[in-house]
Amino acid sequence: MINQPVNQVRLTNVAIVKYKYKGKRFEIACYKNKVHNYRNHLESDLDEVLQINEVFTNVSKGTVAKKKELDTLFGKSTKKEQIIKMILEKGELQVSNLEREDEQSTKFNEIASTIRDKCVHPETRRQYPITFIKKALDDIHFAVKPNKPTKKQALDVIKELESRIAITRAQMRLKVEVNLQDADRAKECIKDFKDLTIEKSQETEQKYSIVFLVHPSHFRDVNENLPKVCEEPTIEVISHLVINEGVQEIKDDQVQDLSKEAQNMNINDDVEEEKKESSKAKGKGKKDKEFRCSSCTMAVFDDVKLYREHFKTPWHLFNLKRKMKNLEIVSEQDFEENQDELIETIM
């Protein structure tokens, strides 16, 4: 046992990993956050992970496991370092409420980021802001599962989001090349795929090639079924995610649809800002209240109609994209003078 002064309790502000083996419980005292680093192969030095290089039966009381007991259960040939590694890899990590909340928050952000990266609006083919995704997850009361991979959780919840809001998986761009005599069989293989869009097809004297967009869920079908009906086909992934990233004018009906969705989800920052400014103006009895765009901070308007029209301009859409990438905003003059060069910075 590690003797401690009566009025001083050590070995309490630690991350404790517990492991039950053949009916006996063993514990090790680790530094906080280092256990995850070790399990994710970001840390391999045990001295950086362990506070004390010992196997305990009770960390809080400082009770060290007896060597005779370890030899009986794990075998005399098993070294203490091997036992510690076994506990680190298989044991249950005991965390505080704050640590658990922090871990949940981190995983929630990872899931939201995965959804943002993999999904687009069905019509505009543009990605949603991360705030929109988080609000959508909150509205469906999504709960993070601590022991399930975040990517798997993201793919599962996308299906539920598709039934609630206008969102879908970004398509993949594939190129398939087969022998000319197999052309009809290749077309038959892909014709029933979801969201299929054929962009280009070409025939030569010996080969037939086709470039098409397809839902990511069908990539495995192409990869597995095409070799069964065609001799030595070539399957090439040109783009994993087909996303409309260009800065261009959005049609009025598209703007209205996006605005309605954003208002329903209550996450359109610009619209909310407008409401706040309007309410303040009414409260103070002012008619000439200024309206400022949160994405283009230099854009200030004294007319609500002009303020709303600003949301459709290429300058605003360009700054909105830079804001999503945590880049500095660009003035309207700089944008007009160097538009072609600046657009390359967000591609």
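Me: What links Lys148, Lys152 and Asp156?

Reply: Those three are joined in a network of salt bridges. The name applies when a side-chain nitrogen of Lys or Arg is within 4 Å of a carboxyl oxygen of Asp or Glu. Side chains of opposite charge can pair when their charged atoms come close. By this rule, the count for the structure is 14 salt bridges.

Me: What should I know about the model before going on?

Reply: It's a predicted model, where local features need pLDDT of at least 70, side-chain atom pairs count only at pLDDT 80 or more, and totals for chains, interfaces and linings use all residues. Residues are numbered from 1 along each chain as its sequence is written, and side-chain values use heavy atoms, with hydrogens and water left out.

Me: How confident is the predictor in the protein chain, going by mean pLDDT?

Reply: pLDDT is the predictor's confidence in each residue, on a scale from 0 to 100. The chain has a mean of 79, and 80% of its residues reach 70 or more. Residues 247-256 stay under 50, and the model gives them 17 contacts beyond four places in sequence. Residues 258-271 are below 50 too, with 27 contacts beyond near neighbours in sequence. A contact, by the way, means heavy atoms within 4.5 Å.

Me: Why are Lys80 and Glu54 called a salt bridge?

Reply: Their N to O distance is 3.6 Å, which is inside the limit, so the pair qualifies. It links distant parts of the chain: Lys80 is in helix H4, while Glu54 is in the loop between H2 and strand E3 (56-58), 26 residues apart. Helices (H or I, at least four residues) and strands (E, at least two) are DSSP runs, numbered from the N terminus.

Me: Why do Lys80 and Glu54 count as partly exposed?

Reply: Look at relative accessible area: under 20% is buried, over 50% is exposed, and in between is partly exposed (1.4 Å probe, protein chains only). Lys80 has 35% and Glu54 has 26%, so both land in the middle class.

Me: How far apart in helix H4 are Glu81 and Lys85?

Reply: They're 4 residues apart, so about one helical turn separates them. Their closest N and O atoms are 3.5 Å apart, so this is a salt bridge as well. Glu81, at 45%, is partly exposed, and so is Lys85, at 32%.

Me: What makes Glu199 and Arg173 a salt bridge?

Reply: The closest N and O atoms are 2.8 Å apart, so the pair passes the test. Glu199 sits in strand E9 (residues 197-203) and Arg173 in strand E8 (residues 172-179), so the bridge ties together parts that are 26 residues apart in sequence.

Me: How do you know which residues of H4 line one face?

Reply: The buried residues of helix H4 (residues 80-90) are Ile83, Ile84, Ile87 and Leu88. Seen down the helix axis, they fall within an arc of 135 degrees, so they line one face. That arc is taken from the directions from the axis to the C-beta atoms. An α-helix has 3.6 residues a turn, so residues three or four places apart point the same way. On the other side of H4, Glu89 and Lys90 are exposed. The cover over the buried residues includes strands E1 (15-21) and E2 (24-30), plus helices H1 (34-39), H2 (46-49) and H3 (67-74).

Me: Why is Thr168 called buried?

Reply: Its relative accessible area is 10%, so it falls in the buried class. Thr168 is in strand E7 (residues 168-169). Beyond neighbours within four places in sequence, its contacts include Lys118, Cys119 and Asp195.

Me: How many disulfides are there?

Reply: The count is 0. A disulfide needs a pair of cysteine sulfur atoms within 2.5 Å. For Cys230, the nearest cysteine sulfur, that of Cys189, is 6.8 Å away, so Cys230 is in no disulfide. Cys230 is buried, at 4%.

Me: What stands out about the phi of His141?

Reply: Phi of His141 is near 55 degrees, a positive value in a residue other than glycine. Most residues other than glycine have a negative phi. His141 is in the loop between helix H6 (130-139) and helix H7 (150-162), and at 69% it counts as exposed. Glu232 also has a positive phi, about 50 degrees, without being a glycine.
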